[in-house]
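Please read the briefing below alongside the sequence and the model. It takes up charged pairs, strands, a helix, a surface patch and confidence in turn.

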Amino acid sequence: MDLSIVIPTLGAPRLTNLMNSLDAWTHLIPPGISYEILTGQEAPLEGSVKMTKRLCLASTGRYVLLANDDLEPVDGQSVPIALAFLDAHPEVGLLGLLTSG
């Protein structure tokens, strides 16, 4: 597994929006990059940090992409460029992607 996309969510309305945009977003991941999507709803007293940690621990990808539940498709190059960079630089432990808009 190349990539685990981890998305904690705050609840049903945002989860519905997320599911609607995920289909469009995942079409931008090129063939040959295997991925999984892990999402979970935060319990009121649990908070996003614990949910994010739980989802990351359950992931099986070489890399984890943390995303908010208001994820919007951007382009088809960000993920493959980031993965190629991380493969070429094993000393890098964290990489942030910027979007404009």
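Asp 2 and Arg 62 form a salt bridge in which the closest N and O atoms are 3.1 Å apart, a salt bridge being a side-chain nitrogen of Lys or Arg within 4 Å of a carboxyl oxygen of Asp or Glu. Because Asp 2 lies in the segment before β1 and Arg 62 in the loop between α2 (48–58) and β3, the pair ties together parts that are 60 residues apart in sequence. This is a predicted model, in which local features need pLDDT of at least 70 and side-chain atom pairs count only at pLDDT 80 or more, while totals for chains, interfaces and linings use all residues. Residues are numbered from 1 along each chain as its sequence is written, and side-chain values use heavy atoms, with hydrogens and water left out.

**Salt bridges**

- Under this rule the count comes to 2 salt bridges.
- Arg 62 also forms a salt bridge with Asp 87, where the closest N and O atoms are 2.7 Å apart.
- Asp 87 lies in helix α3 (residues 78–88) and Arg 62 in the loop between α2 and β3, so this pair ties together parts that are 25 residues apart in sequence.
- Through shared partners, the salt bridges join Asp 2, Arg 62 and Asp 87 into one network.
- Asp 2 counts as buried at 17% relative accessibility, whereas Arg 62 is partly exposed with a relative accessible area of 47% and Asp 87 is partly exposed at 42%; buried means under 20% relative accessible area, exposed over 50%, and partly exposed in between (1.4 Å probe, protein chains only).

**Strands**

- Helices (H or I, at least four residues) and strands (E, at least two) are DSSP runs, numbered from the N terminus.
- In strand β1 (residues 3–9), 7 of the 7 residues are buried, so the strand is largely enclosed by the rest of the structure.
- Leu 3, Ile 5, Ile 7 and Thr 9 point one way from β1, while Ser 4, Val 6 and Pro 8 point the other way, and all are buried.
- In a regular strand the side chains alternate between the two faces of the sheet.
- β1 and β2 run parallel and are joined by 7 bridges, with Val 6 standing opposite Leu 38 in β2; two strands pair if DSSP finds at least two bridges between them.
- β1 also runs parallel to strand β3 (residues 63–66), to which 4 bridges join it, and the bridge partner of Leu 3 in β3 is Tyr 63.

**Helix α3**

- Val 79, Ala 82, Leu 83 and Leu 86 are buried in α3.
- Seen down the axis of α3, these buried residues fall within an arc of 100°, so they line one face of the helix; the arc is that of the directions from the helix axis to the C-beta atoms.
- The face of α3 turned away from its buried side carries the exposed residues Ile 81 and Ala 88.

**Surface**

- Ile 37, whose place is in strand β2 (residues 35–41), is partly exposed, with a relative accessible area of 34%.

**Confidence**

- The protein chain averages a pLDDT of 80, and 80% of the residues score at least 70, pLDDT being the predictor's confidence in each residue, from 0 to 100.
- Among the elements of the protein chain, helix α1 (residues 12–26) has the lowest mean pLDDT (71) and α2 the highest (88).
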